[in-house]
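Visitor: Please put the structure up, and then I will ask about its parts.

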Amino acid sequence: MKLSQFQFNLPKEKIAQEPPRWRDECKLMVLHKDTGEIEHKLFKNIIDYFGKGDTFVLNDTKVFPARLYGNKEKTKAEIEVFLLRELNREQRLWDVIVDPARKIRIGNKLYFGEDESLVAEVIDNTTSRGRTLRFLYDGPYEDFKQTLFSLGETPLPRFVRDKVEPEDAENYQTIFAKNEGAVAAPAAGLHFSRELFNRMILKDINKTFITLHMGIGHFRSVDVEDLSKHKMDSERVIIPEETADIINKTKRAKHKVLAVGVTVMRALETYVTSYDEVNPYNGWTNKFIFPPYRFAIPNAIVSNFHVPGSTMLMSVAAFGGYENVMKAYAAALKEDYKFGPYGDALLIL
């Protein structure tokens with residue numbers, strides 16, 4: 001498959017800037033991949049397609065306030081720092097992206113906060129844009145973390161809107177977020193409400209959780225036409241033994257396994273046994289799923305509508321079939337579905 005096959009015109013007004021008033025009342029398109037049939041529903045109707053013994057697998061990662069604004073020493077130039085992940089707790093080392101990158105070199109100091117109470121030093125250039133920062137903070141670790149996160153803002157993607165509002169801190173987080181470490185929310189999980197979970201219980205639909213700390217790699221532009229040459233950034237993934245057992249029992253009983261979002265899809269397909277079952281796993285994944293691909297674990301996926309040329313769109317097309325999914329996306333544009341993390345969802349069965 002080629003990058004150009006996943007390009008299409010997406011008008012700015014088709015990208016949702018706000019979430020729906022109720023999490024589970026966004027639009028839900030249902031695509032039957034064997035027939036190509038498309039249905040139009042609301043997200044809360046998703047359980048109509050599942051029943052007793054089926055399992056929903058969700059990502060319980062928690063988004064942290066990853067975007068900070070600081071000033072360079074001497075020149076006071078404003079620098080945006082995007083925290084990617086903590087490298088060393090004791091030394092206060094963080095892997096970050098800085099913008100504008102050309103102004104930042106090893107040895108530069110950056111100051112954060114109105115009183116410049118937090119200082120960081122650039123100690124390494126890892127890529128053309130990436131840097132390693134050492135935060136110069138002598139107090140206890142918990143105080144440092146609280147100070148750092150109090151200066152950050154919710155990392156809502158720029159293509160949604162530039163200005164982050166206070167309510168985004170709650171809106172851009174699933175209701176089941178638990179394990180901190182993501183710089184982007186698992187968007188399909190944003191649609192689940194407590195009411196929907198309660199209705200799942202009444203239908204004896206299981207839910208279980210993996211953790212995949214979504215990084216910024218999903219939002220990096222693919223710059224090669226031949227998709228087999230694209231390299232994904234590595235992301236931390238944890239599949240507990242209990243979760244693997246629930247999924248494998250579901251499959252053995254011939255029930256459905258729903259992967260809620262591309263992150264769950266990647267996690268489940270990372271470490272599969274020769275019997276097409278899930279292994280418990282605690283490590284990293286840089287798996288890039290694009291057509292053609294044979295899935296071992298999920299029978300169904302639900303995902304938001306993604307922007308053109310994105311690796312997430314490619315992964316969805318691998319599951320639903322390229323022609324089916326691109327036809328569904330054309331229907332979404334025609335029927336005024338909204339794209340992006342605050343937008344509508346696509347269920348593929």
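Guide: This is a predicted model, in which local features need pLDDT of at least 70, side-chain atom pairs count only at pLDDT 80 or more, and totals for chains, interfaces and linings use all residues. Residues are numbered from 1 along each chain as its sequence is written, and side-chain values use heavy atoms, without hydrogens and water.

Visitor: Which residues have the most contacts inside the largest nonpolar core?
Guide: A nonpolar core is a set of buried Ala, Val, Leu, Ile, Met, Phe, Trp, Tyr and Cys residues joined through side-chain atoms within 4.5 Å; buried means under 20% relative accessible area (1.4 Å probe, protein chains only). The largest one has 62 residues, and those with the most contacts inside it are Leu268 and Leu346.

Visitor: Which helix gives the most to this core?
Guide: Helices are DSSP runs of H or I, at least four residues, and strands are runs of E, at least two, numbered from the N terminus. With seven residues, the top contributor is helix α6 (residues 311-320).

Visitor: Which residues does Leu268 touch?
Guide: Contact means heavy atoms within 4.5 Å. Not counting residues up to four places away in sequence, the partners of Leu268 are Val57, Ile210, Ile247, Val257, Ala259, Val278 and Ile297.

Visitor: Is Phe197 buried or exposed?
Guide: Phe197 sits in helix α3 (residues 194-202). Among the residues it touches are Leu58, Ile175 and Phe192. Because its relative accessible area is 9%, Phe197 counts as buried.

Visitor: In what order do the six strands close into a barrel?
Guide: Two strands pair if DSSP finds at least two bridges between them. Five bridges join β5 (residues 67-72) to β6 (residues 78-88). The pairing in the barrel is antiparallel, and the order is β5-β6-β7-β10-β9-β8.

Methods:
Buried < 20%, exposed > 50% of the residue type's maximum accessible area, 1.4 Å probe, protein only.
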